[in-house]
Amino acid sequence: MSVIPAEMGLLLSGLLFVLGLIGVLARRNLIMILMSLEVMLNAAGLAFIVAGSRWGQADGQILFLLVLTLAAAEVGIGLGLALQIFHRFKTLDADSINQMQG
Amino acid sequence: MFDLLGWVPIIPLLGFLILVFYGRRLSKPEIAWIGAGSVGISTVLVALLGFEFLQGPMSPYRLTLGSWIVSGDLSIPFGFYLDALSLTMLFVVTGVGFLIHLYAAEFMETDACYARFFAYMNLFVAAMLVLVLADNLVLLYLGWEGVGLGSYLLIGFWYQNPANGYAARKAFVMTRIGDTALALGLFLLFTELHTLDIPSLMGRAQSQWTTGAVLPIVAAALILGGAVGKSAQLPLQTWLPDAMAGPTPVSALIHAATMVTAGVYLIARTHVLFMLAPPVQGAVALIGAVTLLMAGCSGLVQTDIKRILAYSTISQIGYMFLALGVGAWSAAIFHLLTHAFFKALLFLAAGAVIFSFHHEHDIFKMGGLRKSMPLAYWSFMIGSAALTALPFTSGFYSKHEILLAAYETSHILWGAGCLGALITGIYSFRLVFVVFFGKPTREIEKKIGGRMTIPLVLLSVLALCGGLLQIPLDTVFPALSEQNPGQNATLVSIITLAAPILGVAIAGLFYLTGTFSAANFVNLPGARLLNRLFLTGWGLDAIYGAVLIRPFKTLAALNKNDAVDKLYLGIAWLSRQLHRLTSATQTGRIRWYASSMAFGTVVVIAIGLLS
Amino acid sequence: MTLILFYVTSAVAVFATIMMITRLNAVHGLLYLILSLLAVGVIFFLLGAYFAAVLEVIIYAGAIMVLFVFVIMMLNQGHKTIAQERAWLEPGTWLGPSLLALILFTEMLVVIVQGGSAETGHVVSASQVGMALYGPYLIAVELASILLLTGLVGAYHLGKPILKMAKPRSEP
């Protein structure tokens with residue numbers, strides 16, 4: 001029975017993380033940025049699960065649970081902020097919200 | 001009683017401080033009371049001290065108020081030294097000073113900066129008193145610098161006119177050259193003799209140095225340099241005629257009676273050093289003789305009343321230098337005393353004339369004031385008589401003593417002195433005849449009051465009778481070498497007597513009776529050139545301008561863009577550029593910040609991988 | 001068998017993520033995101049982490065994505081903003097981040113390859129996870145619940161003033 005090698009799992013996690021990073025850096029719509037951020041968090045969680053599966057311990061899944069909790073809380077507040085920004089600036093362009101410059 | 005000596009310079013200093021801090025809130029009479037009163041109190045103290053001093057054995061009295069600098073070998077206290085010489089100077093500074101302050105209280109009454117004037121005058125008097133009382137050369141130097149400061153502030157008193165500022169600056173810079181020489185002399189003296197306390201310094205010099213050795217010559221020459229600057233002798237004399245830009249009381253106090261005599265005082269104080277350096281002492285006499293002739297000639301052709309008196313001052317101080325140079329120390333100080341009286345009198349009387357004409361200075365615009373200003377007329381007559389050394393005036397006794405002493409040393413010096421007396425007679429009575437005789441050209445616009453009258457009267461009395469004062473200076477100076485009557489004693493005395501009278505006669509022929517005309521005289525061949533030469537003070541200003549000032553300005557212009565400053569500006573510029581670069585990273589955009597974080601991560605991992 | 005499934009599923013996940021980050025329509029991107037998450041859930045299952053797989057599907061792809069859907073609908077993103085998104089997505093915007101991310105991925109590659117090889121596949125059952133949660137990780141659970149409470153309060157507060165504010169405050 002072929003077993004999934006750990007380094008393949010980690011590579012996948014890294015690839016998903018990097019793709020999420022590209023999404024965060026290249027998109028200007030706030031909602032898209034938040035979605036790409038979710039991808040990055042997910043990738044990190046994947047890394048944890050791979051490690052837990054490799055060592056056969058529950059810690060990996062527990063840490064994934066915490067990451068999930070964090071993602072949930074962060075999305076709640078992030079989307080609330082996005083709503084506020086849209087109400088104030090009438091746009092979701094991340095580049096136009098640059099008043100703390102200089 | 002002698003403990004009160006410390007108060008003598010401190011009270012005018014207190015007057016200065018009060019006027020500086022509260023002057024604006026005081027009324028003019030209050031300012032005058034504080035300004036003149038502080039000097040008056042010092043005068044009273046000096047009178048009391050003098051009375052007590054002269055009754056005793058007249059041994060020097062020292063008072064130390066505290067120590068100033070203590071460092072290794074060097075110990076400089078705030079010490080005061082009272083002997084016959086400093087007592088004489090004290091009397092001049094406070095007595096004549098007080099009369100001038102009283103006069104100034106009325107003369108400067110219409111000026112808006114009344115408090116500032118008296119504050120500066122008090123500062124000056126305090127510094128001068130420190131100078132004459134100092135028992136060590138460093139404290140003397142402090143007073144020396146203080147009077148230089150006071151002189152600068154007072155010459156440029158009406159600073160709104162830039163010309164006054166230039167005159168003040170010129171005075172300060174020229175005396176500074178002398179001050180530098182004096183400072184170098186102090187350094188030399190300390191390095192060689194390890195003390196700067198004057199009595200012990202003189203003692204050590206006498207025991208350690210042989211007459212005519214290099215060290216005393218160099219030290220004495222440096223001190224002479226300092227004296228020449230402050231006393232406006234050759235070659236540093238061009239600042240004094242320009243210093244007449246200041247108010248007349250200032251000219252009377254600083255540039256006639258006190259500050260310019262500080263050089264004479266300095267040489268007299270350090271006379272032991274000069275006696276150890278005969279070439280330098282000879283140089284003192286030579287400088288005095290040449291200066292008195294140059295200044296006398298210049299005074300012949302001036303038209304500004306104060307400039308005539310300024311050149312006259314330079315000339316009379318030349319006489320004092322001549323006296324010091326031939327070893328007649330007491331005669332020099334005696335002449336200093338009488339000169340203070342009559343020159344202050346002349347300046348104050350000139351001030352009265354200027355005051356009455358609302359600041360007119362040209363003597364050819366005045367005339368026939370004999371009837372309309374009798375007090376000024378008689379003051380001028382008495383003052384000029386004393387200046388010319390007509391018989392039985394105070395100036396006569398002092399100048400006669402100097403010329404006789406000069407004859408002992410060198411006939412040429414005596415001849416120069418007699419010629420100088422002749423010229424003095426000519427220019428001083430030229431002034432009197434032009435201003436007070438002849439037809440009146442203008443009406444007086446202002447009458448003088450009591451505060452200006454009293455000093456004029458008192459100074460007239462002193463100028464007449466001052467010759468009777470016997471100051472016991474033999475406690476300070478060695479006696480002059482035995483007076484050798486010699487063959488021509490009577491002839492010498494007669495010529496010395498006659499020269500000034502001849503001068504008066506010549507002046508009378510030109511300006512009183514009109515027998516000769518100055519205008520015709522000028523048209524003689526070569527006379528016009530001489531006239532120009534004399535008028536500009538023998539062209540020294542032009543020489544200095546070409547030799548010193550223009551090269552300096554050219555050199556300074558080379559660095560017009562200030563290379564050194566560019567360096568510092570460059571540092572600031574670099575800093576600004578760096579600031580601009582780094583603040584460009586603060587774009588305020590989220591994506592930019594996230595990118596920088598990612599970039600940082602990349603760099604850190606790379607470092608981790610590579611090391 | 002699992003290995004082949006793993007490769008297929010990871011290809012799906014990567015494809016879905018790439019599609020998600022390049023969509024102009026926000027709703028399309030969201031759908032691709034859900035696909036990506038579900039693929040990762042399958043991978044969890046293949047790795048033997050059954051509890052995590054379930055959690056991924058229920059909470060991540062379920063609750064969190066629903067939040068996104070609601071907000072996108074509220075803000076009228078999606079069909080109406082396609083032109084705007086097209087304007088914002090210039091090639092210049094892509095280039096820098098892609099380069100940076102590529103370098104980062106290369107570094108990660110180097111690190112992982114240097115680490116050597118290992119096998120996964122140890123099944124960790126839900127009961128094991130539960131025992132660990134109520135045992136050594138009890139405090140972590142409490143902290144997680146506080147975090148959720150914080151998120152709740154924050155979201156409530158941030159959502160409220162929208163109803164009150166009639167017009168936006170002027171810029172400082």
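**Note on the predicted three-chain model**

1. Thr291(B) is buried, at a relative accessible area of 0% (buried means under 20% relative accessible area, exposed over 50%, partly exposed in between, with a 1.4 Å probe and protein chains only). The model is a predicted one, in which local features need pLDDT of at least 70 and side-chain atom pairs count only at pLDDT 80 or more, while totals for chains, interfaces and linings use all residues. Residues are numbered from 1 along each chain as its sequence is written, chains are lettered from A and ligands numbered from 1 in the order in which they are written, and side-chain values use heavy atoms, with hydrogens and water left out.

2. Thr291(B) belongs to helix α13 (residues 278–301) of chain B; helices (H or I, at least four residues) and strands (E, at least two) are DSSP runs, numbered from the N terminus. Its side chain comes to 2.5 Å from the backbone oxygen of Ile287(B). With residues up to four places away in sequence not counted, Thr291(B) touches Ala232(B), Gln233(B), Leu234(B) and Ile314(B), where contact means heavy atoms within 4.5 Å.

3. Ala232(B), in the loop between α8 and α9 of chain B, has a phi near 55°, a positive value in a residue other than glycine. Ala232(B) counts as buried, at 0% relative accessibility. Leu234(B) is joined to Pro235(B) by a cis peptide bond, with omega about -5°. Pro235(B) is placed in the loop between α8 (214–230) and α9 (239–242) of chain B.

4. A positive phi is also found in chain C: Asn76(C), which is not a glycine, has a phi of about 55°. Asn76(C) sits in the loop between α3 (50–74) and α4 (82–88) of chain C. At 43% relative accessibility, Asn76(C) is partly exposed.

5. Thr496(B), in helix α21 (residues 489–512) of chain B, is buried at a relative accessible area of 5%. Its side chain makes a polar contact of 3.4 Å with the side chain of Trp414(B). A polar contact is a pair of N or O atoms within 3.5 Å; within protein, one must be able to donate a hydrogen and the other to accept it, and residues adjacent in sequence count only if both atoms are side-chain atoms. Apart from neighbours within four places in sequence, Thr496(B) contacts His400(B), Leu403(B), Trp414(B) and Cys418(B).

6. Is Lys306(B) buried or exposed? Lys306(B) is buried, at 1% relative accessibility, and lies in helix α14 (residues 305–325) of chain B. Leaving out neighbours within four places in sequence, its contacts include Met244(B), Gly246(B), Pro247(B), Phe347(B) and His361(B).

7. Chain B as a whole has 26 helices and two strands. Of its 611 residues, 54% count as buried. Its C-alpha atoms fill a box of roughly 115 × 65 × 55 Å along the principal axes. Among contacts in chain B with a separation of 6 or more, 80% come from residues 24 or more positions apart.

8. Within chain B, helix α2 (residues 28–55) and helix α4 (residues 114–133) pack at about 5°, with axes 10 Å apart. Axes are lines fitted to C-alpha atoms, for helices over the stretch in contact, and angles run from 0 to 180 degrees between N-to-C directions. The two helices are therefore roughly parallel (under 35 degrees; over 145 is roughly antiparallel, 65 to 115 roughly perpendicular, the rest oblique). Residues in this contact include Ile31(B) and Val39(B) of α2(B) and Phe118(B) and Val125(B) of α4(B).

9. Chain A and chain C bury about 7,300 Å² between them, with 76% from carbon and sulfur atoms; buried area is the accessible area (1.4 Å probe) that two parts lose on being put together, summed over both. This contact takes 73 residues from chain A and 84 residues from chain C. Ile4(A), Gln61(A) and Arg88(A) give 10% of the area that chain A buries against chain C, more than any other three residues.

10. Between these two chains, the axes of helix α1 (residues 6–26) of chain A and helix α1 (residues 2–22) of chain C come within 9 Å and cross at roughly 5°. The pair is therefore roughly parallel.

11. Between chain B and chain A, about 910 Å² is buried, 58% of it on carbon and sulfur atoms. Eleven residues of chain B contact 14 residues of chain A. Arg589(B), Ile590(B) and Arg591(B) supply 52% of the area that chain B buries against chain A, more than any other three residues.
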